[in-house]
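Let's take a friendly tour of a protein model. Have a look at the picture first, and then we'll go through it bit by bit.

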Amino acid sequence: MTDIKSLNEAQLSEALKSLGEPAFRSKQIYQWLHQKGVSSFDEMTNLSKELREKLKEEYFIPCCNIEEKYVSKLDGTVKYLFKLFDGEYIESVVMKYKYGYTICISSQVGCKMGCRFCASTLNGCKRNLLSAEMESQVHSAQNDLGIRISHIVLMGIGEPLDNYENVINFLKTVNNENGLNISLRDITLSTCGIVPKIYELMKEELPITLTLSLHAPNDKIRSEMMPINNKWSVDEVIKALDEYEKHTSRRVSFEYTLINGVNDSEENARELAKKLKGINCHVNLIPVNNVKENDYIVSNEYNIKKFQYILKSLKINATIRRTLGKDINASCGQLRRKKQES
């Protein structure tokens, strides 16, 4: 059977045409799938029963079914463990800010990048998510919470640029005025640095925010933490981000997870500032999450603030990420791993 929700408007129109249906049916079905986020053809009440039965025979709607849900008592952050049509699991997190609701979504079932500080990668990558499955994370959360999500970050389980075609389709779909109609400027994509794909993304001319998981100022430290650095060095990924910013005129971001005694020294801060000098960027400093499979310890508050102070004194914009959902383990990968071990 074919995944109907990942079809774009032109493909859906052709599919309906092949079933002998008039053109206006295509828009109706597209809106049911992408505006309302229905999970079954029976919910498409303005379609005839005959057409709904035809659709059931040919197509399926990939959904994200809520397996577990946790709500933070500290700040209202909501974490979901979703079960997919093939029995696999992914995670999403919904956060409330002054400007509205943001969802952090997954792009793969697991991850093959092998970053040592991340729980998402511990059991490798099972498969890529369909465009529809990325979108369905948004629909499932919206429908469950009764809210409108206005911002998306692709920063959950998986490496988005390792699932390039599905991610691009997802971005164009959620931006569609007949769907979720979310501005591309309100979408952030986080990558660990697949350099050729960064340049490919640059040519897409999509005004999203690109952020690089850097986490180290030099190759020695980064290669120990992130195997991908053995393929594309610190200088190569920073250069790619610099060119992306210049081409798109969109400020780029660098994520930097602070780990005690590994990458949080004054020397590390000064080296990082030197690498980023002249780039229109922002550095997001992140206290490392505790993952039992490694021995990384979060930097103390003094060192984190000192690191930020040094960057700012050297004219690098830097903020410390506020930790949300701390009481529900809101960082991605932990729930899925727990479910796999049970």
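## Before we start

What you see is a predicted model, where local features need pLDDT of at least 70 and side-chain atom pairs count only at pLDDT 80 or more, while totals for chains, interfaces and linings use all residues. Residues are numbered from 1 along each chain as its sequence is written, and side-chain values use heavy atoms, with hydrogens and water left out.

## The whole chain

The protein chain has 11 helices and 14 strands. (Both are DSSP runs numbered from the N terminus: helices are H or I with at least four residues, strands are E with at least two.) The radius of gyration is 21 Å, close to the 20 Å from the globule rule for 342 residues, so the chain is as compact as a globular protein of that length. That radius is taken over C-alpha atoms, and the rule is 2.2 Å times the number of residues to the power 0.38. Along the principal axes, the C-alpha atoms fill a box of roughly 70 × 45 × 35 Å.

How much of the chain is buried? Buried residues make up 56% of the 342 residues. Here, buried means under 20% relative accessible area, exposed means over 50%, and partly exposed is in between (1.4 Å probe, protein chains only). Now for contacts, meaning heavy atoms within 4.5 Å: among those between residues at least 6 apart in sequence, 67% join residues at least 24 apart.

Helix H9 covers residues 266-276, and its buried residues are Asn268, Ala269, Leu272, Ala273 and Leu276. Looking down the axis of H9, these fall within an arc of 135°, so they line one face of the helix. (The arc is that of the directions from the helix axis to the C-beta atoms.) On the other side of H9, Glu267 and Lys274 are exposed.

What do the buried residues of H9 pack against? Their partners are helices H7 (219-225), H8 (234-248) and H10 (301-313), plus strands S12 (252-258) and S13 (281-287). After H9 comes glycine 278, which has a positive phi, near 90°.

## Zooming in on valine 138

Valine 138 sits in helix H4 (residues 131-145). Is valine 138 buried or exposed? Valine 138 is buried, with a relative accessible area of 0%. Leaving aside residues up to four places away in sequence, valine 138 touches Ile103, Ile105, Ile149, Ile152 and Leu180.
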